[in-house]
Amino acid sequence: MSVGAIGEIVWVVGIIAWYVIRYPFERRGKRVPVVSSRRTLSERVALAAGFAGLAILPGLYVATGFPQAADYPARLWAVIVGAILFCLAMWVFRRTHKQLGRNWSITLEIRQKHELICAGPYALVRHPMYTSFMLMGLAQAFLLANWVAGLAGLAGFVVLFFLRVDKEERMMLDVFGPEYRAYMDKTKRIIPYLY
Ligand code: SAH
């Protein structure tokens with residue numbers, strides 16, 4: 001089997017793990033009432049960009065080899081780095097879901113009896129789930145030896161993150177006021193101690 005094919009298989013296994021972690025929260029989310037939602041156009045674009053870059057484009061590449069012209073030679077060390085990064089991403093992804101519990105939403109929403117979570121991964125950064133998306137995008141770049149499919153994940157992450165993060169923090173400030181303000185003073189956004 002070629003090194004390139006191993007990288008693609010690792011990516012597919014990673015995406016399946018992603019869904020296995022997420023699925024129970026999607027189901028549970030349907031049962032917890034939403035009291036306010038900010039599902040605006042920009043929020044829809046953000047979600048679509050993330051989905052396209054982290055799932056659709058790389059999925060199309062793995063399934064069909066498109067766009068072949070953007071291929072470059074795969075390297076074993078890159079596949080190993082990518083596999084480690086994907087594991088790290090899924091570990092963080094799982095921890096953030098466990099910590100948010102019933103407060104999780106795929107979009108900008110406040111649920112009934114919404115609680116502000118500041119513990120676990122949320123003690124280090126305000127958006128650890130987006131940290132996990134960034135790590136996933138990085139992993140994809142190392143795993144898929146194709147400039148377009150490989151870098152699409154990071155591009156999708158950047159669009160998703162920057163279209164959303166200010167609005168999310170505004171929403172949290174509107175709902176939790178000084179409590180979220182104090183939490184902002186204590187934490188960075190996605191990279192502990194840095195950003
Ligand atoms: N930005 C966070 C959460 C992503 S899920 C992260 O990256 O980990 C998005 C939803 O989580 C938002 O709609 C908001 O309702 C909720 N949320 C975000 N930060 C939260 C926090 N600290 N405590 C509770 N809920 C939070």
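Is Thr-107 buried or exposed, and what is its relative accessible area? Thr-107 is buried, because its relative accessible area is 5%, where buried means under 20% relative accessible area, exposed over 50% and partly exposed in between, with a 1.4 Å probe and protein chains only.

This is a predicted model, in which local features need pLDDT of at least 70 and side-chain atom pairs count only at pLDDT 80 or more, while totals for chains, interfaces and linings use all residues. Residues are numbered from 1 along each chain as its sequence is written, and side-chain values use heavy atoms, with hydrogens and water left out.

**Two residues of one loop**

Thr-107 sits in the loop between H3 and S2, where helices (H or I, at least four residues) and strands (E, at least two) are DSSP runs numbered from the N terminus. The side chain of Thr-107 is joined to that of Glu-43 by a polar contact of 2.8 Å, a polar contact being a pair of N or O atoms within 3.5 Å; within protein, one must be able to donate a hydrogen and the other to accept it, and residues adjacent in sequence count only if both atoms are side-chain atoms. Ser-105 is also found in the loop between H3 and strand S2 (109-111), and Ser-105 counts as buried because its relative accessibility is 12%. The side chain of Ser-105 makes a polar contact of 2.9 Å with the side chain of Glu-109.

**The ligand**

Around the ligand there are 18 residues, of which Glu-109, Ile-117, Tyr-122, His-127 and Glu-168 come nearest; a residue is near a molecule if one of its heavy atoms lies within 4 Å of it. A polar backbone atom of Thr-107 is 2.8 Å from an oxygen atom of the ligand, and a polar backbone atom of Tyr-130 is 3.1 Å from an oxygen atom of the ligand. A nitrogen atom of the ligand, in turn, lies 2.8 Å from a polar side-chain atom of His-127. Taken alone the ligand exposes 540 Å², and the protein buries 100% of that, with accessible areas coming from the Shrake-Rupley method with a 1.4 Å probe.

**Pockets and a cavity**

On a 1 Å grid over the protein atoms alone, a cavity is a set of points where a 1.4 Å probe fits but cannot get out, whereas a pocket is an open set with protein on both sides within 12 Å along at least five of seven lines; lining residues have an atom within 4 Å of a point. Grid points are joined across faces, edges and corners, and a volume is the space filled by probe spheres set on the points.

| Space | Volume | Lining by class |
|---|---|---|
| Largest pocket | About 730 Å³ | 24 nonpolar, six polar, six charged |
| Second largest pocket | About 200 Å³ | 10 nonpolar, two polar, one charged |
| Largest cavity | About 40 Å³ | three nonpolar, two polar, three charged |

In these classes Ala, Val, Leu, Ile, Met, Phe, Trp, Tyr, Cys and Pro count as nonpolar, Asp, Glu, Lys and Arg as charged, and the others, Gly among them, as polar.

The largest pocket is lined by 36 residues, and the closest to its centre are Trp-104, Ser-105, Met-129, Tyr-130 and Arg-164. Helices H1 (3-29), H2 (41-64), H4 (128-143), H5 (147-176) and H6 (178-186) each supply at least two residues of the lining of the largest pocket. For the second largest pocket, helix H3 (76-100) and H4 each supply at least two lining residues. The lining of the largest cavity includes Phe-25, Trp-104 and Arg-111, and H1 gives the most to that lining, with three residues.
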